[in-house]
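Please open the model in your viewer and keep the selection tool at hand.

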Amino acid sequence: MGRQESTISENKNPAKRAARERLAEERVREAASRRRRRNLTVVGVAVAVLAAAGVTGYLVQNSRSAPSRHAAPAGTTGQGDVVVPVGNQAAKATLTIYEDPRCPACGEFEKDMHTTINRLEKAGKVKIQYHVVSFIDRHDNGTGSKNAANALGCAQTAGRFHDYHDVLYANQPEETDDAWADQSRLTALAKRVPGLSTPAFDACVAKAEYAGWVSGVEENFDKSGYSSTPTVLLNGTSAFPTYNGEQISPATLTKWVEAADAA
């Protein structure tokens, strides 16, 4: 039967025409329904992708901003426990010192200044915030910086950080000599500090108990914007090799600290 013949037949049969019209309407509704389902699927996928991206971004950002969690030496302070505080914490003058145990310039700084710093600290005129960094191991290879930094953490827990710090710098090997890769040398030097050489200290050094803390301190230094050691700040202003244009020396450091204390 041709289309014209079918139409003529339907014109003669209203029931057939109504059935065809209902079928056409049903097809239109089905097509509209498929479009709605397709659109909802597309929107759902987009929302899922955006949600996943948001969660991933949150996790990445959170991992960047959250301080590393690690066992830290007793009494350390600051975000991530990166600071070893020494001296009268009520003092108006604050020396912030970033040092690497293998850094020869740090050794020279300590040779020239540690007597003055210790005198001012014992007089209660200055507090010191040490950051024990360890980047020289990356530059020169080896593990001496990290081992010494860990040993300093062990000494901090034992309440002997400052004395042991001075002993290490007084016996610092050449930068290219990774002598402190041998941890027994660090425990041997501890015998020069009264009360430090104990089985607990030796075990702390041998097990690298504060390795995570050492890495956290170095990460903090890498993000600080400073790129060399020693970096020395007096109340937030660079004090090495000069402070407000004046060369550092035992006399000038004493003058600067006393001026800050009197302010």
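Two rings of Phe, Tyr or Trp, the last taken by its six-membered ring, are counted as a pair if their centres lie within 6.5 Å. With that cut-off in mind, and remembering that this is a predicted model, select Y98, F135, F221 and Y226, which ring pairs link into a cluster.

A search of the whole structure finds seven aromatic pairs. Keep F135 and F221 selected, since this pair is stacked, with 5.8 Å from centre to centre and 20 degrees between the planes. Colouring by secondary structure will show F135 in the loop between β3 (126–132) and α4 (136–140) and F221 in helix α9 (residues 211–224), so the pair ties together parts that are 86 residues apart in sequence.

Next, select Y164 and F201, whose rings form an edge-to-face pair with centres 5.6 Å apart and 80 degrees between the planes. Here the partners sit in two helices, Y164 in α6 (residues 161–170) and F201 in α8 (residues 199–206), so that this pair ties together parts 37 residues apart in sequence. With a relative accessible area of 0%, Y164 is buried, and F201 counts as buried at 3% relative accessibility.

Now move to H70, which you will find in the loop between α2 (14–65) and β1 (84–87). Which residues does H70 touch, if those up to four places away in sequence are not counted? They are G80, G212, W213 and G216. Zoom in on G80, where the backbone oxygen lies 3.4 Å from a polar atom of the H70 side chain.

Finally, zoom out to the whole chain, whose secondary structure comes to ten helices and seven strands. Of its 263 residues, 38% are buried, and its accessible surface comes to about 14,600 Å², with 54% of that area belonging to carbon and sulfur atoms. If you draw the contacts between residues at least 6 apart in sequence, 71% of them join residues at least 24 apart.

Notes. Residues numbered from 1 in each chain as written. Predicted model: local features only at pLDDT ≥ 70, side-chain atom pairs only at ≥ 80, totals over all residues. Heavy atoms only, no water. Helix = DSSP H or I, 4+ residues; strand = E, 2+ residues; numbered from the N terminus. Contact = heavy atoms within 4.5 Å. Polar contact = N/O pair within 3.5 Å; in protein donor to acceptor, adjacent residues only side chain to side chain. Buried < 20%, exposed > 50% of the residue type's maximum accessible area, 1.4 Å probe, protein only. Areas by Shrake-Rupley, 256 points an atom, 1.4 Å probe, with all protein chains shown as cover. Phe/Tyr/Trp six-rings, centres within 6.5 Å; stacked < 30°, edge-to-face > 60°.
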